[in-house]
Amino acid sequence: MEKSLLEYKGQLTSEVRVQLLDLLKCIALCNLGQRNDLKKLVGIALELLDNAQRYNASEDVDFRWHVENTQLVVTIRNKANRQDAERLVESVETIAAMTPEAVTEAFKKQLLNEGFGEKGGAGLGMLQIARKVGRNIKAEIQAAGSNEFICTSVVSTELAPQP
(Lines give C-alpha, C1' and ligand atoms only; values in the text may rest on other atoms or scores of the structure.)
Protein backbone atom coordinates (compact mmCIF):
# COMPACT_ATOMS: atom_id res chain seq x y z
CA MET A 1 0.00 0.00 0.00
CA GLU A 2 1.20 3.48 -0.88
CA LYS A 3 2.13 5.65 2.07
CA SER A 4 0.00 8.78 1.77
CA LEU A 5 1.08 11.61 4.01
CA LEU A 6 -1.49 14.32 3.27
CA GLU A 7 -4.45 14.79 0.96
CA TYR A 8 -6.70 17.85 0.94
CA LYS A 9 -9.66 18.71 -1.26
CA GLY A 10 -11.46 21.94 -0.65
CA GLN A 11 -11.24 25.67 -0.43
CA LEU A 12 -7.82 27.31 -0.59
CA THR A 13 -7.46 30.64 1.18
CA SER A 14 -4.45 32.21 2.86
CA GLU A 15 -5.69 30.91 6.21
CA VAL A 16 -6.16 27.37 4.87
CA ARG A 17 -2.74 27.47 3.19
CA VAL A 18 -1.05 28.43 6.48
CA GLN A 19 -2.89 25.66 8.34
CA LEU A 20 -2.01 23.11 5.63
CA LEU A 21 1.66 24.04 5.81
CA ASP A 22 1.71 23.72 9.61
CA LEU A 23 0.04 20.32 9.33
CA LEU A 24 2.36 19.29 6.51
CA LYS A 25 5.47 20.20 8.54
CA CYS A 26 4.23 18.09 11.43
CA ILE A 27 3.25 15.14 9.22
CA ALA A 28 6.51 15.28 7.28
CA LEU A 29 8.56 15.32 10.47
CA CYS A 30 6.59 12.40 11.94
CA ASN A 31 6.64 10.30 8.77
CA LEU A 32 10.03 11.21 7.29
CA GLY A 33 11.92 12.01 10.47
CA GLN A 34 14.56 14.66 11.01
CA ARG A 35 16.00 15.34 7.58
CA ASN A 36 18.46 17.87 6.23
CA ASP A 37 16.11 18.51 3.29
CA LEU A 38 12.81 18.83 5.18
CA LYS A 39 12.60 22.59 4.58
CA LYS A 40 13.19 22.02 0.84
CA LEU A 41 10.47 19.36 0.69
CA VAL A 42 7.90 21.52 2.45
CA GLY A 43 8.99 24.46 0.27
CA ILE A 44 7.89 22.54 -2.82
CA ALA A 45 4.39 22.22 -1.39
CA LEU A 46 4.38 25.90 -0.40
CA GLU A 47 5.22 27.03 -3.95
CA LEU A 48 2.55 24.80 -5.49
CA LEU A 49 -0.10 25.94 -3.01
CA ASP A 50 0.87 29.57 -3.52
CA ASN A 51 0.61 29.23 -7.32
CA ALA A 52 -2.71 27.42 -7.07
CA GLN A 53 -4.15 30.10 -4.81
CA ARG A 54 -2.87 32.93 -6.98
CA TYR A 55 -4.11 31.55 -10.32
CA ASN A 56 -7.18 29.63 -9.18
CA ALA A 57 -10.35 30.41 -11.14
CA SER A 58 -12.40 28.90 -8.29
CA GLU A 59 -11.68 28.56 -4.60
CA ASP A 60 -11.21 24.78 -4.61
CA VAL A 61 -8.06 22.73 -5.00
CA ASP A 62 -7.08 19.10 -4.83
CA PHE A 63 -3.70 18.73 -3.10
CA ARG A 64 -1.75 15.56 -2.42
CA TRP A 65 1.65 14.92 -0.79
CA HIS A 66 2.73 11.29 -0.66
CA VAL A 67 5.72 9.00 -0.67
CA GLU A 68 5.96 6.58 -3.57
CA ASN A 69 8.86 4.14 -3.23
CA THR A 70 11.83 6.44 -2.59
CA GLN A 71 10.26 9.61 -3.96
CA LEU A 72 8.14 12.38 -2.55
CA VAL A 73 5.37 13.28 -5.00
CA VAL A 74 3.39 16.50 -4.60
CA THR A 75 0.34 17.02 -6.81
CA ILE A 76 -2.01 19.97 -7.02
CA ARG A 77 -5.06 20.43 -9.22
CA ASN A 78 -7.02 23.66 -9.63
CA LYS A 79 -9.05 25.57 -12.21
CA ALA A 80 -7.48 28.44 -14.12
CA ASN A 81 -8.35 30.68 -17.04
CA ARG A 82 -6.86 29.87 -20.46
CA GLN A 83 -4.02 32.39 -20.24
CA ASP A 84 -2.82 31.22 -16.82
CA ALA A 85 -3.19 27.53 -17.75
CA GLU A 86 -1.20 27.95 -20.96
CA ARG A 87 1.48 29.95 -19.14
CA LEU A 88 1.83 27.10 -16.61
CA VAL A 89 2.42 24.52 -19.33
CA GLU A 90 4.79 26.83 -21.21
CA SER A 91 6.78 27.47 -18.04
CA VAL A 92 7.14 23.77 -17.26
CA GLU A 93 8.10 22.94 -20.86
CA THR A 94 10.73 25.68 -20.83
CA ILE A 95 12.17 24.41 -17.56
CA ALA A 96 12.29 20.86 -18.92
CA ALA A 97 14.67 22.04 -21.66
CA MET A 98 16.98 23.94 -19.29
CA THR A 99 20.18 22.91 -17.54
CA PRO A 100 20.41 23.44 -13.76
CA GLU A 101 22.70 26.40 -14.43
CA ALA A 102 20.18 27.92 -16.84
CA VAL A 103 17.40 27.52 -14.25
CA THR A 104 19.49 29.36 -11.66
CA GLU A 105 20.31 32.11 -14.15
CA ALA A 106 16.64 32.46 -15.20
CA PHE A 107 15.62 32.66 -11.54
CA LYS A 108 18.11 35.46 -10.85
CA LYS A 109 16.98 37.29 -13.99
CA GLN A 110 13.31 37.05 -12.98
CA LEU A 111 14.10 38.40 -9.51
CA LEU A 112 15.40 41.55 -11.16
CA ASN A 113 12.51 41.75 -13.64
CA GLU A 114 10.10 44.56 -12.86
CA GLY A 115 7.46 43.13 -15.21
CA PHE A 116 5.36 41.38 -12.59
CA GLY A 117 1.66 41.31 -13.32
CA GLU A 118 -1.19 41.75 -10.88
CA LYS A 119 -0.95 38.04 -9.94
CA GLY A 120 2.82 37.82 -10.21
CA GLY A 121 3.25 35.94 -13.46
CA ALA A 122 7.03 36.03 -13.60
CA GLY A 123 7.35 32.25 -13.28
CA LEU A 124 9.42 32.48 -10.11
CA GLY A 125 7.44 29.77 -8.33
CA MET A 126 8.17 27.07 -10.90
CA LEU A 127 11.77 28.22 -11.27
CA GLN A 128 12.18 28.02 -7.49
CA ILE A 129 10.80 24.47 -7.52
CA ALA A 130 13.10 23.55 -10.42
CA ARG A 131 16.07 24.83 -8.44
CA LYS A 132 15.12 22.34 -5.72
CA VAL A 133 14.12 19.28 -7.79
CA GLY A 134 15.57 19.76 -11.26
CA ARG A 135 13.32 18.86 -14.17
CA ASN A 136 11.00 16.61 -12.16
CA ILE A 137 8.03 18.88 -12.80
CA LYS A 138 5.03 18.01 -14.94
CA ALA A 139 2.02 20.10 -15.84
CA GLU A 140 -1.10 19.15 -17.72
CA ILE A 141 -4.19 21.14 -18.58
CA GLN A 142 -7.62 19.94 -19.61
CA ALA A 143 -10.47 22.10 -20.91
CA ALA A 144 -13.32 22.48 -18.42
CA GLY A 145 -15.31 25.22 -20.17
CA SER A 146 -14.94 27.98 -22.70
CA ASN A 147 -12.19 29.81 -20.82
CA GLU A 148 -11.61 27.44 -17.92
CA PHE A 149 -9.04 24.67 -17.58
CA ILE A 150 -8.18 22.08 -14.97
CA CYS A 151 -4.46 22.43 -14.26
CA THR A 152 -2.56 19.54 -12.72
CA SER A 153 0.99 20.08 -11.53
CA VAL A 154 3.11 17.18 -10.28
CA VAL A 155 6.52 17.57 -8.68
CA SER A 156 8.62 14.62 -7.58
CA THR A 157 11.95 14.41 -5.85
CA GLU A 158 14.14 11.59 -4.66
CA LEU A 159 14.21 11.17 -0.89
CA ALA A 160 17.93 10.84 -0.36
CA PRO A 161 18.98 8.58 2.49
CA GLN A 162 19.83 10.64 5.55
CA PRO A 163 22.98 10.03 7.62
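Leaving aside the neighbours within four places in sequence, Thr75 is in contact (heavy atoms within 4.5 Å) with Asp62, Phe63, Arg64, Thr152, Ser153 and Val154. The model is a predicted one, in which local features need pLDDT of at least 70 and side-chain atom pairs count only at pLDDT 80 or more, while totals for chains, interfaces and linings use all residues. Residues are numbered from 1 along each chain as its sequence is written, and side-chain values use heavy atoms, with hydrogens and water left out.

Thr75 belongs to strand β3, which covers residues 71–81; helices (H or I, at least four residues) and strands (E, at least two) are DSSP runs numbered from the N terminus. With a relative accessible area of 14%, Thr75 is buried, where buried means under 20%, exposed over 50% and partly exposed in between (1.4 Å probe, protein chains only). One of the contact partners of Thr75 is Asp62, and although the two residues are 13 apart along the chain, their C-alpha atoms are separated by 8.0 Å.

Asn69 is placed in the loop between β2, residues 60–68, and β3. In contrast to the buried Thr75, Asn69 is exposed, with a relative accessible area of 75%. The backbone of Asn69 has a phi near 60°, a positive value in a residue other than glycine. As background, most residues other than glycine have a negative phi.

## Helix α1 and its faces

Helix α1 runs over residues 14–32 and holds 19 residues, reaching 26 Å from its first C-alpha to its last, which is close to the expected 27 Å; the expected span is 1.5 Å times one less than the number of residues. The buried residues of α1 are Val16, Arg17, Leu20, Leu21, Leu24, Ile27, Ala28 and Leu32. Seen down the axis of α1, these residues fall within an arc of 140°, so they line one face of the helix; the arc is that of the directions from the helix axis to the C-beta atoms.

The face of α1 turned away from the buried side carries two exposed residues, Glu15 and Cys30. Just after α1, Gly33 takes a positive phi of about 80°.

## Helix α2

Helix α2, residues 38–55, has 18 residues, and its first and last C-alpha atoms are 26 Å apart, close to the 26 Å expected at 1.5 Å a residue. Helix α2 is mostly covered, in that 13 of its 18 residues are buried.

The 13 residues of α4 should span 18 Å at 1.5 Å a residue, and the end C-alpha atoms of α4 are 19 Å apart, which agrees. The buried residues of α4 are Val103, Ala106, Phe107 and Gln110. They cover an arc of only 105° around the axis, which puts them on the same side of α4. On the face turned away from that buried side, α4 carries the exposed residues Glu101, Lys109 and Leu112.

The buried residues of α4 pack against α5. Helix α4 (residues 100–112) and helix α5 (residues 124–133) pack at an angle of about 145°, with their axes 9 Å apart; axes are lines fitted to C-alpha atoms, for helices over the stretch in contact, and angles run from 0 to 180 degrees between N-to-C directions. On the α4 side, Val103, Thr104, Ala106, Phe107, Gln110 and Leu111 meet Leu124, Leu127, Gln128, Ala130 and Arg131 in α5.

Gly123 is found in the loop between α4 and α5 and is partly exposed, with a relative accessible area of 28%. Gly123 and Glu90 are 33 residues apart in sequence, and their C-alpha atoms lie 9.9 Å apart in space.

Ile129, placed in helix α5, counts as buried at 0% relative accessibility. When its neighbours within four places in sequence are left aside, Ile129 is in contact with Ile44, Glu47, Leu48, Gly134, Ile137 and Val155. For Ile129 and His66, which are 63 residues apart in sequence, the separation in space is 17 Å, C-alpha to C-alpha.
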